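Hi everyone, thanks for coming along. I'd like to walk you through one model today, with an eye on its charged pairs. Have a look at it first.

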Amino acid sequence: MTGGCCAPDRGRGDVPDERAPVSGGPDAAASLIPLTGGHFSMGSESTLAYPADLEGPVRRVTVAPFAIAATTVTVSEFFSFVEHTGYVTDAEQFGDSLVFAGSLPPADSSPEVAATPWFRVVEGATWRAPAGPRSTLAAVADHPVTHVSRRDAQAYCSWSGTSIPTEEQWEYAARGGLEHQPFPWGSEEDLDQMNTWRGEFPGSHVDTLFTAPARSFEPNGYGLYNCTGNVWEWTMGMFDASRRDTRAVIRGGSHLCHASYCRRYRTSARSGVTEDTSSSHIGFRVGG
């Protein structure tokens, strides 16, 4: 595993996926929210933005009509996929995944990620056991599924007749019809509208150390829940293809984001990890 600011990655993006493709699941596209598309201002140049993340410059983008899920895929939905297909995730194949240290048992001795020591490489951490097999932290049916790589998310999409949103689709939908606003509800940060870190990261904390239900807080103007905070969401974007940085783009921030360290819980914020990366704070939302 290698270190990144908010989302360390596995650093093995060249590992081929030799699993057979899966298909034939329910037509999940029928339950998606249809959006008309159109023009919108993508990106940010505000003082909250991270220039190195390539949030800017702000540019006018045209998005064709598409559809997107109101929530991220839940543990229950992913369970149905695995039950029908026997699919084995990247984390299960590799034998480990990234877990936030604060959610581990006190005696856990899993190795740290050097650049981000609040993440541990935990043997046996999977979507079924989000903090590893020795933890009492269980996967909750109505919470976002985690410890899924982008390759896993694409397999789910193949089965369910959906797709992973492009970056443009994701940001258009996350903004909920608002222009030039950093949050799905407007201009002001509101901790009562999203599941982010409460306290001083990564030491002190208040409330939960983990995910909230996928249908938490008020939806945005398009009916989408938790577009900021809770879990990072996979997109089909590549972080900086012009410089051959082909890390996959994740969006929306997570429950570990806090202004003292990471302001990436905004509609324009982005980060990048290899597509085989999995962690306790990355999930996905489907589109069509």
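Before the residues, one term: buried means under 20% relative accessible area, exposed means over 50%, and partly exposed is in between, using a 1.4 Å probe and protein chains only. What you see is a predicted model, so local features need pLDDT of at least 70 and side-chain atom pairs count only at pLDDT 80 or more, while totals for chains, interfaces and linings use all residues. Residues are numbered from 1 along each chain as its sequence is written, and side-chain values use heavy atoms, with hydrogens and water left out.

Let's start with arginine 151, which is buried at a relative accessible area of 7%. Which residue does arginine 151 form a salt bridge with? The partner is aspartate 90, and the closest N and O atoms are 3.0 Å apart. Arginine 151 sits in helix H3 (residues 150-160) and aspartate 90 in helix H2 (residues 90-94), so this pair ties together parts that are 61 residues apart in sequence. Aspartate 90 is buried too, with a relative accessible area of 1%.

Helices (H or I, at least four residues) and strands (E, at least two) are DSSP runs, numbered from the N terminus.

Arginine 150 counts as buried at 6% relative accessibility, whereas glutamate 275 is partly exposed, at 25%.

Arginine 270 and glutamate 167 form a salt bridge with closest N and O atoms 2.9 Å apart. This one links strand S10 to helix H4 across 103 residues, and both partners are buried. They also belong to a network of salt bridges that takes in Glu167, Glu171, Arg175, Arg251 and Arg270.

How many residues of H4 are buried? Eight of the nine in this helix, residues 167-175, among them Glu167, Glu171 and Arg175.

For contrast, proline 106 counts as exposed at 87% relative accessibility. You'll find proline 106 in the loop between strand S5 (96-100) and strand S6 (112-113). Thanks, and I'm happy to chat!

Methods: Salt bridge = Lys/Arg side-chain N within 4 Å of Asp/Glu carboxyl O.
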